[in-house]
Each structure stands twice: as C-alpha cells, then as structure tokens.
Amino acid sequence: MAETKVCEKKRKSLSSAKAAAVESKKKARKFERKARREEKKQRRVHRPGPRLSSSFRKEIGIQSPRDNAESNDDFDDEEERVRGDVFEYEEQVAEEETKKNRRFDPVDNYEYELPDDFEDEDVPSDDEERHLNMLHGITGMPLQAFEGGEKKKVIFSSVQRDVSDGKISIQDLLDPLHGKPGYSDLRKRIDQLEKKPMAVQPPLPKVEREKLERKVAYKHSSKDITKWEPLVKRNREAPTLYFDKDVNLGFSTVGAIASVFEPRTEFEKKMASLTRDPEVMEAHLKDGAKLLELNKLTVEDVKDRQGRLAKMRSLLFRHEMKSKHIKKIKSKTYHRILKKERLKAAVSNVEMDLEAAKEEAKKQEYKRAEERMTLKHKNSSKWAKRILKRGLDVQDEGTRAAISEQLNQHALLTRKMNSMKDSSSSDDDSDDDNDETDSEDVSKLLNKAKEKIVKVLEEKDEITETGVMALPFMQRGLKKKKEAADEEARCALEEYDLSLRQLDDNEEGNVTLKKTSGRKVFGTPGKQAQETNNQNKSDRGNSDSEDDFDNAEHVQSGFEADNVSQELQIQPDSLHDDPRQKSVFKTFDDIVKDPGPKTTFEVAIFASDSWRKMKTEDVVNVNKKKQATAKQALLPDPTPEEEVMYQNSNSDTDEETVEGDFSFNPVPEYELPSQADLVHRAFATDDVEAQFEKDKLDVLNEENPEPEKPVLLPGWGQWTNVQKKNGVPSWMLEEHEMAKKKREEALKKRKDANLRHVIISEKTDKKAEKLLAKSLPFPFTSKEVYEQSIRMPIGPEFNPAISVRALNRPEVIKTAGVIIEPIKFEEVDPNENPDEPKRIIQNKNSSSSKNKRKSSKSKKSSGSKVSKN
Amino acid sequence: MKVKVISRSTDDFTRERSQDLHKVFRNYDPNLRTQEKAIEYTRALNAAKLEKIFARPLIGAMDGHIDAISCMAKNPNHLKGIFSGSMDGDIRLWDMATRRTTCRFNGHQGPVRGLTVSTDGNVLVSCGNDCSVKLWKVPSTFESSDTVEDDEPLANYVWKYAFRAVDHQWESNIFATGGAQVDIWDHNRSNPVNIFEWGTATIVSLRFNPGEPNVLATSASDRSITLYDLRMSSPARKVIMKTKTNAICWNPMEPMNFTAANEDCNCYSYDARKLDEAKCVHQDHVSAVMDIDYSPTGREFVTGSYDRTVRIFRYNGGHSREIYHTKRMQRVFCVKYSCDGTYVISGSDDTNLRLWKANASEQLGVLLPRERKKQEYLDAVKNRYKHLPDVKRIVRHRHLPKPIYKAAGLRRTMVEAERRKDERRRAHSAPGSTSVQPFRKRRIIQEIE
C-alpha cells in the first residue's frame, strides 16, 4: 500500500514537473525535493532499490556531503531523484543495518532533515550556467572546460567500470544523460516499467506449455464455431432448402419500370410530350407555386361553370319544395289518384320493356318472400294474439274481417303446400282425419284396393324399350318380375274378395259378437284393454319365433298366472272365425314386412290401413287373428288335453268356462318382482354362459385350428391291407402330436388364456397388416402424431393447385449445373418463420469473382511467362 | 316452365392454342373422394417400383491411367473438370461431360498422394511420395479436342518428407500438406509458413473446414484425429480411436461437423466441439472405408470402400441410402461428390474413374414443369409411406455382389456374437461393476488435450 501511494505521489509530482519543465526546471526540482523529503519518512522502514556498496558509490561519484559523515542510507536528494524506485526487488538488509555484533556505530538520528535553504551542488543551477556562458564568452574556450572537474571524472570512471565490472544498473546508464532533451520522458518510461511487479517464474516444460496452448486454441475455436449453430439449426429445420443461382429478375418496383419507360406509339408520345413538358417538369421540381400558375383558368370557363352549378342547385331546390308540398296534401283521393297513375305508368312500363318486367317480377317475389318471412298470415303476430285473447265477438267488423282474411291466406298457403306434397302423405292425413270408420268404410277401402289391383293388372307394360332396358336379359328380368308381381296381385285380389264376402257375413254375426262382448262384465275393463293390446302384439308376428319370445316375455312379466289363463279362455273366441280372413291379414303383414315391387307395396298400405281400422273397431275381429299354436308352446300351466278341448269347443261353451274360471280364482294382489327376478325371468330360456363358452371355443378353434386327425390314405396299400395292418404311419402320428402340442402352446400364449370371461381376438388380418407400420417411425413420438401426419392426402386430385406444390416440395431443391458453395455466415433473424422454405443463393458475387479470376489469371500467366523466360 | 340447364362460359373451356392444356375444374370436397389414402398408398408403391426400374446409376467410366488412382480433386469453380492422380505419378484433368482427358500434368516421380485446387480454380496443387509439392496452372478452356501436356509446374517445392495429403484453404492462397507433420504453405513461398507437430505419427488425410476456413482436421496413422486452428497457430485437440481413420471430411453446410471414414468399416460423424462421442455412426460397409466426400448440400456424403463399393449415406443416417458397384470396379480409393451435388465420381484400383448419378433413378436433363411436378409428387408420396412394410421393402432392396452379401452376413453374426457375449458377461458380473457404453463411444479410446 505504502509503495503504491508513494508511486502515485511521485507520478503526480513528475507530471507537474513535466508541465513546468521548460521554463522553471529549478522550481520543479524544488517541488520534487519537498515531496521526496516527505516520502523518505515512509521509506525508512521499507526501501526498494539497489543497495550499492559505499565504495562503488564513491567510485561512480555519487557523493553527498553527508555520505561519509552520516549513515549510508541517507541519500542526497539528487541521487534519489535520479534513482527513484528503479528497482523494486528487495535485497538483503545491508550489513550496516543488521547491527550484527555491533560492528557499526549506532546512528541516533535517522531522520535527518535537510535545511530549507539546502541546494544541491551537482545540479547545474541557472546561475552557474550563466556563469559558464560568461566564461565561455570571455575566454572563447569550449564549455566543457569550465565545467566541474569532478563530474567529468565520474563519467569517465563509470564508463570504465562498465567494462570491467559488468554490473551496471539502468540508473548508471541514465545518469550521464541527465539534463539532455528527452531525458524526463525516458526516465518516466523506466519508472513505469519498474513499477510493475516483475515476478518472473521459471518457464514451464515444453510439453505442459503446448498442452495449455492447445487447450486455449481448442476452447477458442470451438467457441468460434458455435456461432454457426443458429444458422445450421435454421437450415436443418427448414422444410425446404433452395440452392439457387442469383438470377437478375430485372425491375422490382413500378417506379423502376416507369423510370425507363420510352413512349413508342403515337398516343404515348403525345402523352409524354404533355407530361414531360419541360415547363411542367421544372415546376414539379421547384415547388408547387409554379404549378398553380400553370393551372390557370380563363374567366369565361369559371363563369360558365358557376352558371351551370347555380342552375342545378335551383332545380334541386324546386324539386324538393314540390315534393314537400305534395307530401303535405292530406286529401286521400288525391293520393289515390296519384297512386293509380303511378301504377298505370308502371304497368305500361312493364309492357313496354323487358327490363321493367323483370324488375316487377323481382318486386313481387320480394313481397312474397317478405310475407313468408314475417308469417303475417298466421295468427302468431302480437296483434292477432291480442285480438284472439280478447275474443273475436268483441271486435268490430273491420278487425274481424282482417283476421278472417289472414286465416284465409293461411289456409290457401297450407293447401298449396299440401298439394306440393306427395299423395301418400295426404292419404295418411286423410286417414288420421276420419277416425270414425265402420265396416262400410272397410268394405269401401277393400273395394278401392281391388280396383287398384285390377288396374295394375290391366295395365300394359309401357316401359320404354330403349337404352339399357332394351337389352334382352334386362327385359327378361323385367318380365319375370312383372309376372311375380301380377301373381301376387291376383292372390291379393282373391283375398280381397274373400274378405269382402266375410265382411258381409260379419254384418250378420255382429249381433252375436256383441253378445260375446258382454264378457266384459266379468273382468275389469282396463284388463280387457290390456289384453287386447297384448294380443295385438302377439298377432303382429305370429309366425316368427322372435315375436313368440316377445309374447312370452310379456305374458310372464306383465301378468300373473290367472291372467294367462284368462287369455287362454279368450283365445277360443278367435278360433271360430274362418282361417281365410286370418290368411288375409297374414298376407298383409308379410307384404308390409318385405315390400316387393311397387304395386304390391301400395296394396300393402291399403291393406294395413284397413287392418288397423278393424282392430280399433272391435275386439272380436282382432281376436280372430289369434293363432292357437303359438300360444300353446308358451303357456306352461294348462295341460295339452285342456287346450285341445278348448280349441275344439265352440264360443258358447267357452264363455261358460270363462265364467267358471273367474268365479273359482279370484284375482290375487299384484306383487312387483325384484329386478334380478325380472332379469332371470327374461333370460330364462337362454343360457348365456354356455353360449359364451361356446363362442370362445369357436374363436379359439378359428384362430388356432385343431390339427386334422391322421387318417388312412385312400388307395395306398389298401388292397394289400398293409395299411390296415400297420395302421397309420408313425411319422403321421408324430406330426399330429407335434401339431397338437403346438396348438396347446399357442393357446396358452394367448392373451385371454387366463381370462375366463373375455375373448381377445388375436386374428391378424394379413391384408390390413400390409397397411400398418410395424413400429413407430423415428421422429414421431406417438401413434396419434404419426397418423395425423399422414392423414391428409397430398395429391393434385385432392388439393388445389396452390397448395399442392407446397405439400410436395422436396427437402432440398438444387439445379443441376449450379455450383453450391459452402455455407456463408449470416445472422439468423429470430423472428422469421421457421416453416418457410429457405433460399441459399449461390454465386452472389459471381460477376465480381469472375473479374477477379480474370485478373488473377492474367497475373498468373504473366508470372509464368516470366519464369519461363 | 323453367328448365335448369348447366351453363358454362365458353371462355373457360376453350383453349387459345392447340398445345394448351384443358383446364380441369375440380371439387375438392373430401366426401367425394373417400379412397384417397388407398390411392396414394398404391401410388407410393408404384413409385417405389418405378424407382427400382429406372435405377441406372452408372453413367460411364473414364479410362486412361495406367496405375491405380490414388487421389482426386474437384475444381470448385468449374463443374466439368476433375483431377485425378495415380500411383505412377500421372496427374490428369478430365472433362466429365465428354469423359476424356483434357490435360496431363507430368512431373511427379513417385505416386501422387494428394491433389487439391484453389478456390478460384486456377492453381492445382499436387504432392506425392517424391517429397515434392508442385503447383500447376489449370488450363482455363476445354476447346481443343486433344490432350494438353503440361510438363512445367508453376512452382516445385521440395521438402523433407513424403507427402500423404494436401488440401487447399477456402478462398485464400494457403494450402496445407500432411506427412510426417502438417505444413501450411503459401502459393508464393518456397518454405512452409507454419508447421504443426504433435506426436510422431504420419498424417494420412487432411481437410480444411470450408465453412470455417481456419480450422483444419487431420487423421494420422496412430489412429488419431486432430484438429488445428490456424489463427492460434496451434493444434487444438486430438481424439484417438481404436482403428485408423483413412479419410476425413467436413460438412460444408455445418461447419462444426465432420465425418471420419474409419478402417473398421464404419464412418463416424463428430461434432468438433464434443469429441468424446460420435454424433452418428454410419455403418454398412464390409471393409475399410477409404475415402469420403460430402455433398455440397451437406445432406449426404459418399464413401468409397476397400470392399469395392461406393455407398451414399444421409448425414444423419445410420445406414446407407444407396450402394453402387460394378463387376469391374476394384478397391475404391477415392470418391468425390460433384460441385452441384448431382454426380458422384469414384476412382479405384482398376485405373478407372467412374461417374455415377447421385440419385440412381433421377432423370437427367431438362424436365418439363409437369414432369418435375409429377416426380416431386411421387417422391413425396413415397416418402410419406416409406414406413409401411411393402414400400420399405422395395425401396431398401438392393442386389449385392455375392462376396459383399456374404461378408455382410458374417459381419452381422460377428457383431451379434459380440453383443451376446457382452450381455452374458454383464449378466454374470456384479451389478454396477460393468457399464454399458453406447455404440457411439465404444470406438473412442481417448480425447487428448
């Protein structure tokens, strides 16, 4: 710390000295001396610098008046100023100072203070110089002669010592230069040099040194290379890299194109002469004022324009006034007349030209659309609702008329809509409408159906015999179809006839049936209804086993045993009707189920309609449809004999039994069965578990088929009975065993081998396998991503032309013949779009490089010539 | 009654010229074409098959040398020219378009071991076993039909050792030679301007980094790969592998990466900043890889091997994309990718240079825009479905010469055996006592600072 302080001070002093060096060297020195005196105090303890022996000192003549008399470390100012802190390394403590063995006299006062008026002898003062000059002027001898003899001697001696001793300090060399120009500079530099710590270490071994060098070199070069990283990353991630030649595309802006435009045609030339009028150009270039001057108009022009404008304005004003006036007129007749006139004009216009007609049509259309949009004609508007709420009777004539008009409109529109719809739906509507139908209607309907069928039968095939239909096989097919349809129609016709006849019979039988309906007295009416419902259900598909199940289920879950018996008792009612009617319905149902050609389908609709009506009409008719056999299988309770008996007995006896049954078994209370019970009952017939096991076995057998059993080969050794004697050859048996084992292994390996209730299919579809990647391709991280990546097609058939190019662009696009140069460094813009294709332009400065090459070539050639010469 | 008819403007459906194409209007509603995936898959399959059909990679052989070709150099400024040096000291300049010698440079006494051309394409540098480096002037024109003989090199510098490799720095006057040591030369000085010595091994190959021209990589006979930095005028790092590296090449588009062609049939791609492991190991050759050269696009490189094949790898692909072989091609000593990335040139023991297409089935010459579009589409489709088994099988399938096929099988069994042994050893040693080294590190012994 102390040292640095000193240095700083010294530097300060030095700098100040330098500033004033030219004029007042002496003053500066005085300053320095002062400073140094202060320093000395600190330096006493720790003083750097060479420690010259006293003898050497004497010899080189650095002497001070106190040198001999007093202690050795008291330098005179001059000397110290010169030497300064030249050396900073520490020598050993001088012998004198060690106080070893008290060989030297102790010095009491180390801190010797120079007197204030002290002046160095050696320093050539200004006075001395003047004195010398004076001497020189007087004697005419050279200056050196008058200088102090002692000093001269010192110089010589020092030079001599140089050679002999070889131990000289920089100080010694500096001394003689003292006072010469540039001395202070030199001294300063040396001072600076020596201020730094000169810790010189022994050099490392070469191996170590080189290793360090390499380390540094590698570090630097790898750091330098890292700058390429963003660029390389960008290029790698770019969807497409273009290696393009730098093509001059010419002008890029409109301005550039316009700047070189040359007028060619006459018109262009004319325009150019106007626009490129030097006067105009000049005006443009200079300022706007001149341009305004050029824009001057004549007085007449302005007047004319003003006049025109005024006229227009006045016309406009008058028109406005007029229209206002007309608007103010309250007379209705006037307006009516006006309107009529306008209409007339419009009509005449329409007649006059097509455009107007079109316009008119558009208007009408618009009106209609508006009406449709607003639903004005429905009673859904606020106004209409309010009126209806208050009641139409309260309203006055006009309102009522308006409402009725609206309703009319609505009716009209709905009628229109209905007429647009197809006939079948309208039929349905009409069916819905007339709920009350009787047997007459039924017969009517049947008649209708009959008529239709007859029509169909009579109809000749008017199929066009052209095109595909003209082909012989098509015709044949059509004929066949037609025949089948005809056959069916004929059957239907017969059935209609029968049913018609039956209906007539029923007219009479109805009386008796009404008697039977008296049965309702015994049972509850609700139950009766349910029953009929139930029977309907069973009827609908009496031939199908499925429906039988359905029926059974219904019976078992919905009703109790008594109910069932009741049903049974009702059943016989149906038996007394003739099977023909039954067949009619059956056929109808069948037709409904599988609609054949169109004609039969229509018939079916008719038939089904009629059937529905009959069903709703009377229970008896419905009951007639009952099929006993279906019931028999499903009802567990009654014994077959009973059933047979029931079936054979007539309706009257049935009734009796019904009565009897009901009287014997009063209806017990209905209990809700538990859910499990229900399920169990529902699936009572099918054994699910067994079914599943069977299914699983099937799957296993399908996927790992059981090996075929070895059989005797037909014909081989048969007639000699060799085969019979020896049995199946052993290798076959072995093979069979092997195959069996293999199969068992395979079964054990299955995923569902230990899962009893699961079937995991391991069937591989070989055709589909082709279309599946075996493992997830490398850059993709999940199956979904991969699938997503190939989801959209990329072909030109599936994508518009604009995007096809981008979709199909390869990773690298290069042109054959374009030399691709190695990468050139450029800063990567962090904001640029990474999904955009990147262009790397080659031969950016191709022209310049060519030129360079040329020049170098010429140089080279000249060089070679020279060498040859 | 209004009858709706299709009305189209005739302008849209008439052609101005008879050559014009009919404009097709399409409805791109995906519901109309539900089979697009199936269609494209079939197209990919067909494209893969067509590619196989049209694969005709060999364009021609350049015959003329009377000894094995030891080295080649491409002219960075002239696409057609390629230089080749042979073991008898003959250096030739070939015109690839006409496939004939346009110039011969006579002067070397022994085998020529290294050739390189300055970036401006005017000076050819050759070096050989006769301890001399020769600078030649490259003839600028190819007009004359007969071969020019050049007996007078621009300069001839004789040095202390036999040279093995030479390479030119990008866009400067400096080139480097390798032999007993690495010397940096200036065109105009008879003595090297700089000398690098690290170890005593002979330099086998040497390449400047084209992107970062002051970085240099060499491989030496002591199985090492060494990096140098000219700015620091010092070697930088050395990595020692288990086998010798025969050739080295920097990726011209990725200045940090280089690939080393190794004696152990593999190529190793390194990042110059992380030499303790290879970035990628490219394997497929069945014998030592002799030479390697990167495509100027930096996406592919070509290797020539002692197993008489030339292979093309992707820069990040573990296996080769393509293999080229002919019945008469012997050991391949040098390969080059052409400066436009379209051709591959191989020089082999049978004294011939062979010119190949870089893409075996590519159609050369001018393509009409429609043809190009079609090709691009087929490539894209093929690329999309390349993972599906059928397409993959067809694309990958190559007919190999029997010895190579057998050698590959043998190699596979050997590798497998080694792997199995390693596995067993690991299974029978105490857990944690053995470490599994990744394949990328396995062949690296040490990285020396």
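This is a predicted model: local features need pLDDT of at least 70, side-chain atom pairs count only at pLDDT 80 or more; totals for chains, interfaces and linings use all residues.

Mentor: Residues are numbered from 1 along each chain as its sequence is written, chains are lettered from A and ligands numbered from 1 in the order in which they are written, and side-chain values use heavy atoms, with hydrogens and water left out.

Trainee: What is the area buried between chain B and chain A?
Mentor: Contact means heavy atoms within 4.5 Å, and here it takes 62 residues from chain A and 63 residues from chain B. Buried area is the accessible area (1.4 Å probe) that two parts lose on being put together, summed over both. Carbon and sulfur atoms give 61% of it, and the area is about 5,800 Å².

Trainee: How many salt bridges are there between chain B and chain A?
Mentor: A salt bridge needs a side-chain nitrogen of Lys or Arg within 4 Å of a carboxyl oxygen of Asp or Glu. A:Glu229 and B:Arg273 form one through their side chains, at 2.8 Å, N to O. Between chain B and chain A the count is seven salt bridges.

Trainee: Is α2(B) roughly parallel or roughly perpendicular to α4(B)?
Mentor: Helices (H or I, at least four residues) and strands (E, at least two) are DSSP runs, numbered from the N terminus. Axes are lines fitted to C-alpha atoms, for helices over the stretch in contact, and angles run from 0 to 180 degrees between N-to-C directions. The axes of α2(B) and α4(B) lie 9 Å apart at an angle of about 10°. Angles under 35 degrees count as roughly parallel, over 145 as roughly antiparallel, 65 to 115 as roughly perpendicular and the rest as oblique, so α2(B) and α4(B) are roughly parallel.

Trainee: And how is α2(B) placed against α3(B), roughly parallel or roughly perpendicular?
Mentor: Their axes come within 8 Å and cross at roughly 105°. B:Ala44 and B:Ala48 are among the α2(B) residues in this contact, with B:Tyr377 and B:Leu378 among those of α3(B). The angle therefore makes the two helices roughly perpendicular.

Trainee: How many residues apart are B:Asp293 and B:Arg207?
Mentor: Their side chains meet in a salt bridge at 3.6 Å, N to O. B:Asp293 sits in strand β23 and B:Arg207 in strand β15, and the pair links distant parts of the chain, 86 residues apart.
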